[in-house]
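Hi,

Here is the structure I promised to pass on. Have a look first, and then read my notes below.

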Amino acid sequence: ENFDLKVYQNTPNPFTNDTELIFEIGKDEEVTIKIFNTEGREVYSNHNKYLKGKNTVKISGQELDAEGILIYQIITKTHYSGRKMIKLK
């Protein structure tokens, strides 16, 4: 199967403390993860090199200065994809 980026739903969702973002990339490359609140304010950003295949990134609720509906984006040099998640108090 030939693909560049697949983004899966975070688990658990909704979450209170921690959640895991799972994505799959077709080659080793640098990936930026950004999370926004519904007003479009960035509440989390992380940039790292990831290996080809499935990657899981654990995010702690304490790192997120937000709650309610959040949008996460997984961004590579050539593609990006996003999904919604819900953080409870």
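A quick definition before anything else: "contact" here means heavy atoms within 4.5 Å. This is a predicted model, in which local features need pLDDT of at least 70 and side-chain atom pairs count only at pLDDT 80 or more, while totals for chains, interfaces and linings use all residues. Residues are numbered from 1 along each chain as its sequence is written, and side-chain values use heavy atoms, with hydrogens and water left out.

Let's start with glycine 53. Setting aside neighbours within four places in sequence, glycine 53 is in contact with Phe23, Glu24 and Ile25. It belongs to strand E5, residues 53-60 (strands, E, are DSSP runs of at least two residues, numbered from the N terminus). Glycine 53 counts as buried because its relative accessibility is 17% (buried means under 20% relative accessible area, with a 1.4 Å probe and protein chains only). Arginine 83 is 30 residues away along the chain, and the two C-alpha atoms are 19 Å apart.

Now the sheet. It is open, with four strands in the order E4-E3-E6-E7 and antiparallel pairing (two strands pair if DSSP finds at least two bridges between them). At the edges, pairing on one side only, are strand E4 (42-50) and strand E7 (80-87).

Within that sheet, strand E3 (residues 29-37) runs antiparallel to E4, and eight bridges join them. Lysine 34, for instance, has serine 45 in E4 as its bridge partner.

Cheers

Methods:
Buried < 20%, exposed > 50% of the residue type's maximum accessible area, 1.4 Å probe, protein only.
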